[in-house]
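Me: I would like to learn how to read a structural model step by step, with the general idea given before each case. Could we begin once the model is in view?

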Amino acid sequence: MSKARTKRPANVIGAQVKKLRLQLGLTQEALAARCQVAGLDLSRGTLSHVEARLRRVTDSELFLLASILKVSMEDLFPPEMKKKPREK
């Protein structure tokens, strides 16, 4: 069975990870290094695939990425996916 890429993105957080990384003034290499120090085994190439939405992200990776980027896990999701307050 072929594992050819489909047009469907593998994750929804890639664009936010890139945006937050750039806001912190970090290169992919620098963020990958921070990930390594925190115990998250992500190379620069793997991080590139996350940002391009070509690689899936596990729950534990999501948690650590949020911690490393100093944001909540919810902040990694696109604005249109964030929970909206209920109307009373």
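Me: What should I know about the model and its numbering before I start?
Reply: This is a predicted model, in which local features need pLDDT of at least 70 and side-chain atom pairs count only at pLDDT 80 or more, whereas totals for chains, interfaces and linings use all residues. Residues are numbered from 1 along each chain as its sequence is written, and side-chain values use heavy atoms, with hydrogens and water left out.

Me: How many helices and strands does the secondary structure of the chain come to?
Reply: Helices (H or I, at least four residues) and strands (E, at least two) are taken as DSSP runs, numbered from the N terminus. Here the chain has four helices and zero strands, so that its pattern along the sequence reads α-α-α-α.

Me: What share of the 88 residues in the chain is buried?
Reply: A residue is buried under 20% relative accessible area, exposed over 50%, and partly exposed in between, with a 1.4 Å probe and protein chains only. By that criterion, buried residues are 28% of the 88 in the chain.

Me: Which residues of helix α1 are buried, and where do they sit around the axis?
Reply: The arc to consider is that of the directions from the helix axis to the C-beta atoms. In α1, which spans residues 14-23, the buried residues are G14, Q16, V17, L20 and R21. They lie on the same side of α1 because the arc that they cover around the axis is only 165°. On the other side of α1, L22 and Q23 are exposed. Contact means heavy atoms within 4.5 Å, and the cover over the buried residues of α1 includes α2 (28-37), α3 (44-51) and α4 (59-69).

Me: Which residues have the most contacts inside the largest nonpolar core?
Reply: In soluble globular proteins, nonpolar side chains tend to be buried together. A nonpolar core is a set of buried Ala, Val, Leu, Ile, Met, Phe, Trp, Tyr and Cys residues joined through side-chain atoms within 4.5 Å. The largest one here has 15 residues, and those with the most contacts inside it are V17, L31, C35, L65 and L76. Two or more residues come from each of α1, α2 and α4, with α4 giving the largest share, five residues. Leaving aside neighbours within four places in sequence, L65 is in contact with I13, C35, L40, L42, V57 and L76.

Me: At what angle do α2 and α3 pack?
Reply: Axes are lines fitted to C-alpha atoms, for helices over the stretch in contact, and angles run from 0 to 180 degrees between N-to-C directions. The angle between α2 and α3 is about 105°, with their axes 9 Å apart. That makes α2 roughly perpendicular to α3, given that angles under 35 degrees count as roughly parallel, over 145 as roughly antiparallel, 65 to 115 as roughly perpendicular and the rest as oblique. At this meeting, Q28, E29, L31 and A32 in α2 are in contact with R44, L47, S48 and E51 in α3.
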